[in-house]
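Some points on the model follow, in numbered form. Please read them with the structure open.

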Amino acid sequence: MTDDPKFFISNWPEPDRSRYEQHAREVFRQMGELRAASQRNHVDYGRWLIASLLAVHGGSIYAISGLWNGNHKLPPDAMPDLMAGVGWNLFGIGFILVAAFLAWLNFQFAERWYDRWSDPAIMYRTDRWPTGKPRTDPVTATLYLCAMFGLMSFGCFIAGAMAVYRALAPG
C-alpha cells in the first residue's frame, strides 16, 4: 500500500467522485453481508453434510450387519459381497469426512476473503478494491474438491448397494 496521491479520489471532479463513492459504499456493504453470511452458514452446512451422508453410510452398515443375525437365509457365498458392501460404505464415510472438511475450509477461505475485501479504504482509494485470481484461489479449489469427494461418497453408497444386491440376489 502506498500513499501516492493518484490513488485518492478527493481531488476528482464531480460527478465522477460521487459515482465512485456510491459504488464503493455498495461494494463495501455487500462484502460485509457476504462475510456475515459465510460466518453463519459454514457451521450449519458442514454439520448437515456430515450428518446426512454419515447417516446414509452408517445406516447401510447397520442394515448389512443385521443380515448376519441368523434370521435371513443367505446364500453360502454371500459373505464376500456383503463384506464388500461394508467396505464401500466405510470408504464412503471417509470420503464424506474429507468433503466436510473441505466444505469447512471453503467457508473459512471465503470468510477471510470477504473480511479482507471489506476494506473501508475503498471509499476513498482506487487501489484498495478487491482482487483475486479466479482460477487459482482456494475458495474455488475447495468448492470443487468438496463436490468431488461428496460425489465419490455417493458413488461408494451405490457400489455398496450393488455388492449387497449381488450377495442377496438369487443365483
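1. A polar contact here is a pair of N or O atoms within 3.5 Å; within protein, one must be able to donate a hydrogen and the other to accept it, and residues adjacent in sequence count only if both atoms are side-chain atoms. The model is predicted: local features need pLDDT of at least 70, side-chain atom pairs count only at pLDDT 80 or more, and totals for chains, interfaces and linings use all residues. Residues are numbered from 1 along each chain as its sequence is written, and side-chain values use heavy atoms, with hydrogens and water left out.

2. The Asn106 side chain reaches the backbone oxygen of Val139 at 2.6 Å. Asn106 lies in helix H2, residues 78-117 (helices are DSSP runs of H or I, at least four residues, numbered from the N terminus). Asn106 is buried, at 11% relative accessible area (buried is under 20%, exposed over 50%, partly exposed in between; 1.4 Å probe, protein chains only).

3. Three aromatic pairs are counted (ring centres of Phe, Tyr and Trp, the latter by its six-membered ring, within 6.5 Å; planes under 30 degrees apart are stacked, over 60 edge-to-face, the rest tilted). Phe95 and Phe149 have ring centres 5.9 Å apart and planes at 50°, so this pair is tilted. The pair joins helix H2 to helix H3 (residues 138-168) across 54 residues. Phe149 is buried at 17%, whereas Phe95 is partly exposed at 21%.

4. The largest nonpolar core has ten residues, including Trp113, Ile122 and Val139 (buried Ala, Val, Leu, Ile, Met, Phe, Trp, Tyr and Cys joined through side-chain atoms within 4.5 Å). H1 gives the most to this core, four residues.

Terms used:
Helix = DSSP H or I, 4+ residues; strand = E, 2+ residues; numbered from the N terminus.
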